[in-house]
Amino acid sequence: MSSTGDDAAVGGLCAVHVPRTARTVTDLPRVGRFPAVQPGQPAIERLAPTSELIGFRGPTACAAAGITYRQLDYWARTGLLEPSVRTAYPATSQRLYSFRDVLLLKIVKRLLDAGVSLQNIRVAVAHLQAAEQADLAGMTLMCDGATVYECTTPQQVVDLLKGGQGVFGIAVGAVWRELELTLGRMHAERTDTGETLVAQDPADELAQRRNRAV
């Protein structure tokens, strides 16, 4: 049975965050696009998975983040990480997660696997939710198994490692790029119209062009 994280040991009262410094956020590759209008209509715009007009349903969020639906449901019901686009209330509606939501789901999974307590994970999630989305690409989360630290420069990472404690790091930008590739190949939903969008896999588009050229 997969753990929901509710049996994790309780750690310190809060995570410690290294002060922010100026950083340059590089433009992330945009892989995979969703049609913004129905096929056959003129001027089909392509939307990246990171677009605010794109949302992902629960099963898609689970597959992309590597978690079970039981974990997703438990985290939403306990307030650890609720979908920011649409909740499951009323009961007839389906949860809809933004790209940032799925990114945080994936990070929460990694922190839980490393043995970080739910109490500290809640603080880390709140911190990441409050950050500007563009700033996430420049963050590295370091963890010693109990406390989560935010590092925004290589020197901060080095200073933390000098403490001699066993730590592991999560490069949020790398997780972002990996997730963008994954979600770019999955179905999504328009947040404004509710339209189901079928992802356009670049590999499929290339194969179609080759077939037409033969």
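**A friendly note on this predicted model**

1. Of the 214 residues of the protein, 42% count as buried, where buried means under 20% relative accessible area, exposed means over 50%, and partly exposed lies in between (1.4 Å probe, protein chains only). The protein exposes about 11,000 Å², and carbon and sulfur atoms supply 53% of that area; accessible areas come from the Shrake-Rupley method with a 1.4 Å probe, and for residues only the protein chains shown count as cover.

2. Before you go further, a word on the ground rules. This is a predicted model, in which local features need pLDDT of at least 70 and side-chain atom pairs count only at pLDDT 80 or more, while totals for chains, interfaces and linings use all residues. Residues are numbered from 1 along each chain as its sequence is written, and side-chain values use heavy atoms, with hydrogens and water left out.

3. On confidence, the mean pLDDT of the protein is 75, and 69% of its residues reach 70 or more; pLDDT is the predictor's confidence in each residue, from 0 to 100. Please read two stretches with this in mind. Residues 36–44 stay under 50 in pLDDT, and the model has 13 contacts for them beyond four places in sequence (contact means heavy atoms within 4.5 Å). Over residues 204–208 the pLDDT is also below 50, and this stretch has one contact in the model beyond near neighbours in sequence.

4. The protein has eight helices and nine strands. Helices (H or I, at least four residues) and strands (E, at least two) are DSSP runs, numbered from the N terminus. Among contacts with a separation of 6 or more, 67% are between residues 24 or more positions apart.

5. Three strands form an open sheet in the order β6-β5-β7, with antiparallel pairing; two strands pair if DSSP finds at least two bridges between them. At the edges are β6 (148–151) and β7 (168–171), each of which pairs on one side only. On average, neighbouring strands of this sheet are turned by 25° against each other, direction ignored. Axes here are lines fitted to C-alpha atoms, for helices over the stretch in contact, and angles run from 0 to 180 degrees between N-to-C directions.

6. Strand β5 (residues 140–143) is joined to β6 by four bridges, and M142 has Y149 in β6 as its bridge partner. Helix α7 (residues 172–183) packs on the sheet, where the helix touches β5 and β7 and makes about 50° with the direction of β7.

7. The structure holds eight salt bridges, each a side-chain nitrogen of Lys or Arg within 4 Å of a carboxyl oxygen of Asp or Glu. In one of them, E189 and R57 meet at 2.7 Å, N to O. E189 lies in strand β8 (residues 188–190) and R57 in strand β3 (residues 54–57), so the pair ties together parts 132 residues apart in sequence. E189 is buried at 5% relative accessibility, whereas R57 is partly exposed at 27%.

8. Two further salt bridges deserve a look. R95 pairs with D73, their closest N and O atoms being 2.9 Å apart, and R95 counts as buried at 11% relative accessibility. R110 pairs with E178 at 3.4 Å between the closest N and O atoms. R110 lies in helix α3 and E178 in helix α7, so this pair ties together parts 68 residues apart in sequence.
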